[in-house]
Amino acid sequence: QVQLVESGGGLVQAGGSLRLSCAASGRTFSSYAMGWFRQAPGKEREFVATINWSGRSTYYSDSVKGRFTISRDNAENTMYLQMNSLKPDDTAVYYCAATNNGLPSTREALYPYWGQGTQVTVSS
């Protein structure tokens, strides 16, 4: 009952910033925990950040902690990922995910709903 669409990806220089958006459709969006994952070429998909149903609890991977900020606006059914101080290693396809559990999780297997992804490329 949830559909997700990512946007905001693009090409940026190292040290720059980018803001990703995830637009969700569904009557129960506010009860879903959300997450961001990414997959670089030739690598497995990895956890980036997650946020609980209310937006009061967040968790980040060590590689992005202090640089990325996850947030959500339940009134507009949208989740965001503000990415600052971008590095070439951040280059990947970024995916939005949702789970009706309501609790944040770093495991992609616990997210049944996924967007199609948006490309982020960081040049050195």
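Modeller: The radius of gyration is taken over C-alpha atoms, and the globule rule is 2.2 Å times the number of residues to the power 0.38. This is a predicted model: local features need pLDDT of at least 70, side-chain atom pairs count only at pLDDT 80 or more, and totals for chains, interfaces and linings use all residues. Residues are numbered from 1 along each chain as its sequence is written, and side-chain values use heavy atoms, with hydrogens and water left out.

Colleague: What radius of gyration does the protein chain have?

Modeller: The chain has 124 residues. A compact globule with that count would be near 14 Å. The chain agrees with this, at 13 Å.

Colleague: How many strands are in the protein chain?

Modeller: Strands (E, at least two residues) and helices (H or I, at least four) are DSSP runs, numbered from the N terminus. The chain has zero helices. Its strands number 11.

Colleague: Which residue in β8 is the bridge partner of Arg72?

Modeller: β7 and β8 run antiparallel. Six bridges join them. In β8, Arg72 has as its partner Met79.

Colleague: What share of the residues in the protein chain is buried?

Modeller: Buried means under 20% relative accessible area, with a 1.4 Å probe and protein chains only. Counted over 124 residues, the buried share is 43%.

Terms used
Two strands pair if DSSP finds at least two bridges between them. Buried means under 20% relative accessible area, exposed over 50%, partly exposed in between (1.4 Å probe, protein chains only).
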